[in-house]
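Hi there,

Here is the structure I promised to pass on to you. Have a look at it first, and then read my notes below.

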Amino acid sequence: MSKTVRDVMHAGVVACDQHTNLRDALRMMSDNTIRSIVVTDEGCALCGILSQTDLVNASLTHPDTWSAMKVSELMTRKVLTVQPDTPLSDATKVLIENHVHRIIVVDPADPCAAVGVLAMSDIVRNLMGDE
């Protein structure tokens, strides 16, 4: 039987509100040992993603003001999503074709509700048999 996203994803998400400042978002990422954070709107619906790379770029382009900037100013708004039962091979293709390192896993009953994250590193670990 083919594996699905559910088999290798990180269940649960660490999220922040889009009005969170970048320093606090970075602290949340560091405290949770993650490389990206799901961004939600006032109704807790998925509205973006913020990565470590985004934060590093902001610190280089805005060295004096980056930490006070809001997540909404920097996050990626076009969020790629899959569902838990998506075949892992299909999700891998989405990652590769879109040149991204992670994709948000959403509840099939509510596509604005993030339930996990699938990262390229999860797929590599799966290939190595180190789940």
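Predicted model: local features only at pLDDT ≥ 70, side-chain atom pairs only at ≥ 80, totals over all residues.

How does the overall size fit? For 131 residues, a compact globule would have a radius of gyration near 14 Å, and the protein chain has 15 Å, so the two agree. The C-alpha trace spans about 50 × 30 × 25 Å along its principal axes. Among contacts with a separation of 6 or more, 56% are between residues 24 or more positions apart.

The accessible surface of the protein chain is about 7600 Å², and carbon and sulfur atoms make up 52% of that. There are 11 positive and 17 negative side chains, with the centres of the two sets 4 Å apart.

Inside, 39% of the residues count as buried. In soluble globular proteins, nonpolar side chains tend to be buried together. The largest nonpolar core here has 14 residues, and those touching the most other members are Cys-16, Leu-22, Val-39, Leu-50, Leu-55, Trp-66 and Val-71. Helix 2 (22-31), strand 3 (36-40), strand 4 (46-51) and helix 3 (52-61) each give at least two residues to this core, and helix 2 has the largest share, with 3 residues. Another core lies apart from this one; its 11 residues include Val-5, Val-82, Leu-88 and Leu-95.

Enjoy exploring!

Best wishes

Note on methods:
Residues numbered from 1 in each chain as written. Heavy atoms only, no water. Rg over C-alpha atoms; globule rule 2.2 N^0.38 Å. Buried < 20%, exposed > 50% of the residue type's maximum accessible area, 1.4 Å probe, protein only. Contact = heavy atoms within 4.5 Å. Areas by Shrake-Rupley, 256 points an atom, 1.4 Å probe, with all protein chains shown as cover. Lys, Arg positive; Asp, Glu negative; His and termini not counted. Charge placed at Lys NZ, Arg CZ, Asp CG, Glu CD. Core = buried A, V, L, I, M, F, W, Y, C linked by side-chain atoms within 4.5 Å. Helix = DSSP H or I, 4+ residues; strand = E, 2+ residues; numbered from the N terminus.
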